[in-house]
Amino acid sequence: MQCEICGKQIKNGIKIKVEGSKMTVCGQCSNLGTKINQKKEEKRKSSSNSSENKIKTSKRKNRTRKSSRSVYDEMDELVDDYPKRIQKAREKRDLKQDELAQKINEKSSIISKLEKGSKLPEDKVVRKLENFLNIELKQD
Ligand SMILES: [Zn+2]
């Protein structure tokens, strides 16, 4: 192989561009033109970030558990003999049913029914009775 410019014997010619035409020349003559990159630069594949497909699995925990204590559950906490306890505590303070009712701002009929055990007291009534009579109506 010869240099296309100077005719010098070359082993590995260098491809250059001279005024638009490609030539294979020697090392010296290669300076006369523009080197053509023989080795195509390996296109650096800007590799799309390799499989970091972190699938964000949004864990949706079903919060269906509502600690739903029914009203009846609370009522079950009452001691069995709450009618007697109310009556005892009331009589201990020398109060009539309607007097006690007035003290806790409830109807006397409620006290009457409670002491007969025919009606379960509402929670607020229980609390008022407990506080006023200083008794325990709920089970431990
Ligand atoms: Zn040459």
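Gln 87 lies in helix H2, where helices (H or I, at least four residues) and strands (E, at least two) are DSSP runs numbered from the N terminus. The model is a predicted one, in which local features need pLDDT of at least 70 and side-chain atom pairs count only at pLDDT 80 or more, while totals for chains, interfaces and linings use all residues. Residues are numbered from 1 along each chain as its sequence is written.

Gln 87 is classed as partly exposed because 19 other C-beta atoms lie within 10 Å. By this criterion a residue is buried if 20 or more other C-beta atoms lie within 10 Å of its own, exposed if 12 or fewer, and partly exposed in between, with C-beta atoms placed from the backbone. The C-alpha atoms of Gln 87 and Ser 112 are 9.2 Å apart, at a sequence separation of 25 residues.

The protein chain contains 5 helices and 3 strands, arranged along the sequence as β-β-β-α-α-α-α-α. Of its 140 residues, 15% count as buried. Among contacts with a separation of 6 or more, 34% join residues 24 or more positions apart; a contact requires C-beta atoms, placed from the backbone, within 7 Å.

The 3 strands form an open sheet in the order S2-S1-S3, with antiparallel pairing. Strand S2 (21-25) and strand S3 (34-35) are at the edges and have a single partner strand each, so one side of each lacks a neighbour in the sheet. Two strands are taken as paired if DSSP finds at least two bridges between them. S1 and S3 run antiparallel and are joined by 2 bridges, and Lys 17 stands opposite Thr 34 in S3. Gln 9 is located in the segment before strand S1 (14-18). Gln 9 counts as exposed because it has 8 C-beta neighbours inside 10 Å. Its C-alpha atom is separated by 9.3 Å from that of Val 25, 16 residues apart along the chain.

The largest nonpolar core consists of 11 residues: Tyr 82, Ile 86, Leu 100, Ala 101, Ile 111, Leu 114, Val 125, Val 126, Leu 129, Leu 133 and Leu 137. Two or more residues each are given to this core by helix H2 (82-92), helix H3 (97-103), helix H4 (108-116) and helix H5 (123-133). H5 provides the largest share, 4 residues. A nonpolar core is a set of buried Ala, Val, Leu, Ile, Met, Phe, Trp, Tyr and Cys residues joined through C-beta atoms within 7 Å. Val 126, one of the core residues, touches Leu 78, Pro 121, Leu 137 and Lys 138, when residues up to four places away in sequence are not counted.

Definitions and conventions: Two residues are in contact if their C-beta atoms, placed from the backbone, lie within 7 Å.
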